[in-house]
Amino acid sequence: MGATPGLSRRAFVFGSAAVAGGVAFGSYGRAEETPASPAPTNPLAADLGPDSVAFNPWVEISPDRITLIAQHADIGQGIGSIQPVMIAEELDLEFGQFEIRFAGPSPAYFNTGFAHELAPFMAADQSPEAEKARAVALESLRQSGLQMTGGSSAIPDTYEKLRVAGAVARETLKAAAASRSGVAVADIRTEAGHVILPDGTKIPYVALSAEAAKIPPVTDVKLRDPSQWRLIGKPMERLDTRAKVTGEIMFGIDRKMDGMVYAAVKLNPNKGQPIKSYDASKAQSMPGVRQILKLSNGVAVIATNSWYAMQAADLVECIWEPSKYPAEQAGHWDIVQSSFTPEFLAKQWRNDGDIDAGLKEGTLLEAEYRAPYVGHQPLEPLNGIGIVTDDGMEIWVGHQTPQSVQYIAANAIGMKPEQVTFHNEWSGGSFGHRLEFENVRALAEIANQLRGTPVKIVFSREQDFLQDIPRQIAMGRYRGSVKDGKIVAADVQVAATPPFKELLGRMGMPPKAPDGQLAVGIWNMYYDIPNYRAASFEVQGVSPSTTWRSVGASANGFFTESFIDELIHAAGLDPLQARIDMCKIPIYRKLLETVGEMADWKGPLGNGKGRGVAFVESFGTSVAEIVEVTMTDAGIKIDKVWVAADVGKVLDPINFENQVQGGVVWGLGHAMNCELTYANGAVQQTNYNHHEAMRMYQCPVIEVRGLENDYTVRGLGEPPVPPAAPALANAIFAATGKRIREMPFNKFIDFV
Amino acid sequence: MFDITVNGVKHQVDVVSEMPLLWVLRDELGITSPKYGCGIALCGACTVQVDGEAVRSCQARMADVAGKAVTTIEGVGNGKLHPVQEAWIEHQVAQCGYCQTGQMIQAISLLKTHPKPTDKDINEVMSGNLCRCGTYERIRVAIHAAAEKIGGE
């Protein structure tokens with residue numbers, strides 16, 4: 001298909017060039033003119049032992065072990081498992097024959113998976129113009145060298161390059177065996193970690209490492225056809241499953257070092273502001289306490305144990321510099337509400353047909369929607385271990401952006417990013433939290449004051465909540481019209497803080513372009529509405545915000561799919577059939593039809609039961625969901641959820657199902673039960689009793705089906721989230737006649 | 001000085017009597033499978049057995065558990081995998097896995113009192129254990145599977 005006519009070009013997320021931590025973000029325009037930069041050196045080469053070989057940045061073989069490098073951070077999504085599996089598929093390794101190591105920072109690991117998101121074309125667009133834009137975006141990413149886990153990009157990034165990495169290693173090992181044995185490469189094969197000669201002689205890969213190191217890697221490789229795959233696409237046990245069940249897995253918070261001291265912090269809850277003064281007299285005399293240190297935005301207690309440190313930190317009395325944003329929540333909403341003006345217009349993303357004329361036809365509908373600040377709060381609190389010497393800093397912390405850890409830590413202590421050595425860790429969840437730096441900055445400041453001593457920082461849950469940079473706050477003002485059983489017009493306006501733009505700013509590379517995340521869910525809307533306009537407004541001067549699992553779509557998807565439902569209802573149509581009829585993209589139509597078949601959708605249920613449907617594409621992946629609820633005497637009960645998602649290729653079917661189920665729980669739980677609100681400049685919710693999300697008693701059965709109709713492989717960490725909230729709200733409407741236009745829903749209706 | 005037995009091994013620790021068992025295990029003894037999540041018994045990630053009972057170790061004062069036998073996930077199977085662990089592997093419950101040691105200890109406790117639990121039983125007992133990744137449905141399925149395993153032994 002060609003570019004969808006009438007769509008305005010989306011601005012590139014990474015607008016202008018900026019430099020951070022030695023990482024240059026090339027601008028899109030410049031990338032078009034600049035020749036490809038030379039391939040970065042292999043980061044594994046520097047630390048390679050004797051007689052060892054690193055075929056590329058992902059495969060290392062020494063005389064005693066095979067190590068596969070995971071460039072993307074594992075935050076629970078399973079990428080720590082599927083990355084080595086993709087290499088093992090082509091390298092003919094079996095489970096148990098290799099070790100996994102997380103990558104250090106290097107431009108060799110730049111994320112190719114953002115190319116689709118950066119190019120201003122719809123996900124389904126395969127036109128030459130779209131592909132050219134993606135190629136240019138890819139070159140811009142190459143120049144940036146940015147290594148980041150996020151945006152559901154890890155699979156699109158690694159799907160080809162890791163299989164190539166495995167194939168290159170395999171062919172090079174075969175070449176080494178050929179030169180040793182004098183047998184032609186064509187007569188040599190590989191199986192289960194061995195090169196096999198025609199006479200049946202088996203040579204373990206590790207026995208060939210020294211010889212393989214002496215020959216240039218064989219890069220002219222052909223990837224196997226998926227029909228030949230042994231591992232990918234088949235049910236498999238995630239490589240981290242067993243260690244997570246035995247308790248052996250080591251998360252960042254579990255690491256220990258000789259001579260280590262424990263640190264807890266009390267930081268200014270007025271985000272971004274310094275400390276004025278403090279009184280540590282009570283804390284000083286607490287058991288286990290060694291020292292109280294002043295930090296730029298708070299204090300740290302150094303103790304012999306994390307609990308001693310946290311107890312004492314609680315007792316430090318601090319005078320904070322007040323917030324620059326409104327102290328009270330109502331003030332934040334006032335600013336959001338007053339941002340729908342030309343002054344704050346970020347971009348008009350679409351303007352199809354004649355919106356003014358369209359809105360004058362038929363019946364006019366108007367609705368206002370709200371999405372509050374929400375916390376990330378992965379169960380493993382922020383932590384890290386760091387040691388600073390006169391030469392530099394070494395840091396162990398679970399993080400999604402290694403180079404930015406270097407940049408932030410170095411800036412905090414007046415060093416250069418290349419002086420910071422970063423080691424990644426298995427993370428106990430993230431949901432966007434481990435893209436930020438509150439723990440990294442504090443740890444660097446503390447370790448810098450205790451040079452030579454390893455410092456372990458653990459945030460108390462309360463500090464973690466208080467320092468959590470939340471999901472964007474957002475408001476939607478929607479107008480539309482229906483006539484003769486058809487939707488004639490929809491005018492979509494969203495005002496929100498720009499989460500990704502703000503994150504990039506903190507990473508030292510502020511973009512000039514409007515935040516593309518605010519377009520998601522309003523720009524990439526696939527229904528055939530003849531008069532359609534969509535614009536975003538950038539809210540300024542409120543709390544900082546950042547990316548939260550599914551980012552812009554988490555709010556916009558709720559607004560848009562709720563409003564579409566309102567229009568469909570006003571037009572007297574069936575919510576599912578109307579969406580199918582209006583959907584312009586055949587594979588997305590198929591997705592809606594599939595979810596309808598799964599749920600056996602036959603229209604209204606009656607008897608206090610209701611079903612709602614929603615469909616959102618985010619990060620290129622389309623997901624359709626149906627939620628069924630029952631209105632009981634005590635409140636709404638969620639009975640069941642059906643989900644159909646199209647990722648082009650399902651690589652790990654069991655983990656696929658688990659991720660979708662988790663995404664739905666995330667989307668539903670926060671829509672029902674969670675918000676962060678400010679009072680006196682600090683968030684009022686400081687533990688899980690105030691920010692409950694979903695517990696098991698509210699969790700429905702979630703039936704999942706993966707489709708493989710998309711033309712390219714897609715990510716799945718986030719896309720199941722956005723349709724969950726609107727599907728639930730639409731189901732509540734079907735069951736009760738009540739429209740809920742603001743999250744969290746429990747402000748308006750009870751759940752059982 | 002307090003005496004405490006963890007997974008059959010005796011230890012002596014020198015901490016204040018108010019220190020929660022969680023931090024004794026993690027920071028003093030280096031046994032890290034019980035996790036810190038909330039610190040106030042809201043999440044269940046720190047759940048261990050004390051004399052066979054599932055306990056939130058963030059709320060158990062050292063003075064109150066001194067001399068008692070503590071079992072963490074490493075000790076529940078007596079050198080083998082416990083049927084609950086086997087079911088957790090077969091159904092691949094974990095995503096990030098941070099809450100799962102606490103979930104399994106709680107599930108083992110549930111199965112002692114409810115050898116054939118209904119979904120309602122499971123929901124009631126397991127709702128105190130938070131999972132931010134959203135693995136609840138898989139936990140329910142794994143608990144049913146573990147019940148069958150234990151019942152069949």
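In the predicted model, the contact between domain 1 and domain 2 of chain A involves 13 residues of domain 1 and 15 residues of domain 2. On the domain 1 side, six of the contributing residues are nonpolar, six are polar and one is charged.

The antiparallel pairing of β7(A) with β8(A), residues 194-196, rests on three bridges. In this pairing, Arg189(A) lies opposite Ile196(A) of β8(A). Strands of a sheet pair through backbone hydrogen bonds, in either a parallel or an antiparallel arrangement.

Both arrangements are found around strand β26 of chain A: β26(A) runs antiparallel to β25(A) and parallel to β29(A). Eleven bridges connect β25(A), residues 621-632, with β26(A), residues 635-646. These two strands form a hairpin in which two residues lie between them. Ser622(A) is placed opposite Asp646(A) of β26(A). The parallel pairing of β26(A) with β29(A), residues 701-707, comprises seven bridges. Here Val643(A) has Val704(A) of β29(A) as its bridge partner.

Strand β29(A) also takes part in the contact between the chains, as one of the elements that each supply at least two residues to the side of chain A touching chain B. The contact as a whole draws 50 residues from chain A and 44 residues from chain B. Besides β29(A), the contributing elements of chain A include the helices α7 (241-246), α9 (306-315) and α19 (653-673). Of these, α19(A) gives the most, with six residues. By class, the side of chain A that touches chain B consists of 22 nonpolar, 18 polar and ten charged residues.

How values were computed. Residues are numbered from 1 along each chain as its sequence is written. Chains are lettered from A and ligands numbered from 1 in the order in which they are written. This is a predicted model: local features need pLDDT of at least 70, side-chain atom pairs count only at pLDDT 80 or more; totals for chains, interfaces and linings use all residues. Two strands pair if DSSP finds at least two bridges between them. Helices (H or I, at least four residues) and strands (E, at least two) are DSSP runs, numbered from the N terminus. Two residues are in contact if their C-beta atoms, placed from the backbone, lie within 7 Å. Ala, Val, Leu, Ile, Met, Phe, Trp, Tyr, Cys and Pro count as nonpolar, Asp, Glu, Lys and Arg as charged, and the others, Gly among them, as polar.
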